[in-house]
Amino acid sequence: ETSATVRPFDYAPIYYPGVAARADASPITLVAGQEAAGLVFALHRITTLIVEGQITRPDGQPGASARVQLTPTGSTDFAAEQQSILSATAGPDGTFRFRQVTPGSYTLFARAPAQPAAPATPGIVRPGPQGIQLWATTMVSVAADVSGHALTLRPPMTLSGRVRFDGVESKPPANLTQLRVTLFPPGLRNVRSGVAIETIAFVPPGTVRAGGTFGLTNVGPGP
């Protein structure tokens with residue numbers, strides 16, 4: 001008897017009129033009370049792949065417990081949606097693995113605290129990331145299984161500037177410290193209010209100082 005290894009498969013997301021990329025989808029315009037009939041397109045069954053690698057800290061030690069995300073690249077006209085994100089946590093040796101990845105181009109992003117977190121205490125919920133965060137990112141093209149992909153975490157960057165009001169129609173508030181400055185990754189620019197943010201690339205907003213200057217810390221690499 002002979003046996004064959006059956007590879008995992010998935011059904012790729014398909015958008016009208018039958019394309020796999022949201023950027024290639026065609027919008028359907030409807031007015032109130034209108035019905036659109038005859039929109040028929042099939043799901044595509046595809047073989048899924050594995051992406052695995054290792055995270056290393058700046059001192060060469062394994063990036064244990066680093067958060068890792070794999071996000072499809074490319075723009076989309078679906079303003080209300082976030083890109084589909086796959087998440088994983090690096091093991092004690094810094095290795096990570098994503099299963100059932102559909103072929104395509106992705107951004108691989110990793111984050112870990114500069115100081116390793118203390119062991120969790122049962123029954124106590126820890127807050128989100130605290131202190132300085134280390135970052136790493138790279139582009140990954142997935143056409144076959146990807147293994148041995150290495151990322152080295154780096155210290156964060158700081159973005160600073162000044163808020164300036166031009167023109168005479170709108171006057172700046174008397175107290176500039178009421179303003180907030182937020183840096184959004186491209187995939188979050190059009191996400192509607194109230195939608196949970198899944199990406200680890202999100203940078204918390206910063207406060208504007210009385211003189212109009214601001215500074216954002218813990219900024220990771222990328223657009």
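S65 sits in the loop that links β3 (49-56) to β4 (67-72). This is a predicted model, in which local features need pLDDT of at least 70, side-chain atom pairs count only at pLDDT 80 or more, and totals for chains, interfaces and linings use all residues. Residues are numbered from 1 along each chain as its sequence is written, and side-chain values use heavy atoms, with hydrogens and water left out. Strands (E, at least two residues) are DSSP runs, numbered from the N terminus.

| Residue | Phi | Relative accessibility |
|---|---|---|
| S65 | near 70° | 53% |
| Q100 | about 55° | 41% |

Phi is positive at S65, a residue other than glycine, and Q100 is not a glycine either. S65 counts as exposed, while Q100 is partly exposed; buried means under 20% relative accessible area, exposed over 50%, and partly exposed in between (1.4 Å probe, protein chains only). Q100 belongs to strand β6 (residues 95-101).

Which strands pair with β3? Pairing requires at least two DSSP bridges between two strands. β6 pairs with β3 in the antiparallel sense over five bridges, and Q54 has T95 as its bridge partner there. β9 (residues 146-152) runs parallel to β3, joined by five bridges; I55 is partnered with L151 in β9.

Finally, a cis peptide bond, with omega about 10°, joins Y16 and P17. P17 lies in the loop between β1 (9-12) and β2 (44-47).

Technical notes
Helix = DSSP H or I, 4+ residues; strand = E, 2+ residues; numbered from the N terminus.
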